[in-house]
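Thanks for coming, everyone. Have a look at the chain on the screen, and then I'll walk you through it.

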Amino acid sequence: MRFETTHSFEADYKKLSRRETDLFRHAVRKFNQACDGALARGGRPRWPKALRVKDVEGAPGIWKMTWSFSGPDGRATWEWTTETIGGETVPVDRWRRIGGHAIFRDP
């Protein structure tokens, strides 16, 4: 699965501890497997329950993933988009924010 990041995500990511980045990388491997499976099936992803994927209420087109509620709190938001490569349009997930629950309060 192709991805891109926003400046906000990159700034958030730099603030994470080594443990937090390790947990995110583990979660994103599962996320990517679900995305790749969906692309192969031509349909919606079957999200692993441990990732708690849901749409963000009041923000159409924005999704959230929560892989840890404590020790440390781990959440990220993203949106689906597309990119054209060599005349072919491919799906891309754009990571928007990462961190604890506070990412839902900040603009």
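Let's start with the aromatics: there are 15 aromatic pairs in this structure. A pair here means rings of Phe, Tyr and Trp (its six-membered ring) with centres within 6.5 Å; planes under 30 degrees apart are called stacked, over 60 edge-to-face, and the rest tilted. Take F9 and Y13: their ring centres are 6.0 Å apart and their planes sit at 25°, so we call the pair stacked. Both are in helix α1, 4 residues apart, which means about one helical turn separates them.

Before I go on, a word on where this comes from. It's a predicted model, so local features need pLDDT of at least 70 and side-chain atom pairs count only at pLDDT 80 or more, while totals for chains, interfaces and linings use all residues. Residues are numbered from 1 along each chain as its sequence is written, and side-chain values use heavy atoms, with hydrogens and water left out.

The pLDDT, by the way, is the predictor's confidence in each residue, from 0 to 100. The protein chain has a mean of 89, and 96% of its residues reach 70 or more. When I say helix or strand, I mean DSSP runs numbered from the N terminus: helices are H or I with at least four residues, strands are E with at least two.

Back to our pair. Is F9 buried or exposed? It's buried, because its relative accessibility is 6%. Y13 comes out at 21%, so that one is partly exposed. The cut-offs are under 20% relative accessible area for buried, over 50% for exposed, and partly exposed in between, using a 1.4 Å probe and protein chains only.

Now another pair, F31 and W95. Their ring centres are 4.9 Å apart with planes at 55°, so this one is tilted. It ties together distant parts of the chain, since F31 belongs to helix α2 and W95 to strand β5 (residues 88-99), 64 residues apart. Both F31 and W95 are buried. And these residues belong to one aromatic cluster, whose members include F9, Y13, F31 and W95, along with W47 and W63.

Staying in helix α2, there's T21. With 11% relative accessibility, T21 counts as buried. Leaving aside residues up to four places away in sequence, T21 touches Y13 and L16, where a contact means heavy atoms within 4.5 Å.

S17 is at 35% relative accessibility, so it's partly exposed. Its C-alpha atom is 9.3 Å from that of P72, 55 residues away along the chain.

On to the sheet. How many strands form it, and in what order? There are 5, in an open sheet running β1-β5-β4-β3-β2, with mixed pairing; two strands pair if DSSP finds at least two bridges between them. At the edges are β1 (2-5) and β2 (53-55), each with a single partner strand, so one side of each has no neighbour in the sheet. Strands β3 (residues 62-68) and β4 (residues 74-85) run antiparallel and are joined by 6 bridges. M65 stands opposite A76 in β4.

Finally, how do the helices sit on all this? Helix α1 packs on the sheet, touching β1 and β5, and its direction makes about 45° with that of β5. Helix α2 lies across β3, β4 and β5, running at about 155° to β5. Those angles are between N-to-C directions, from 0 to 180 degrees, with axes fitted to C-alpha atoms, for helices over the stretch in contact.
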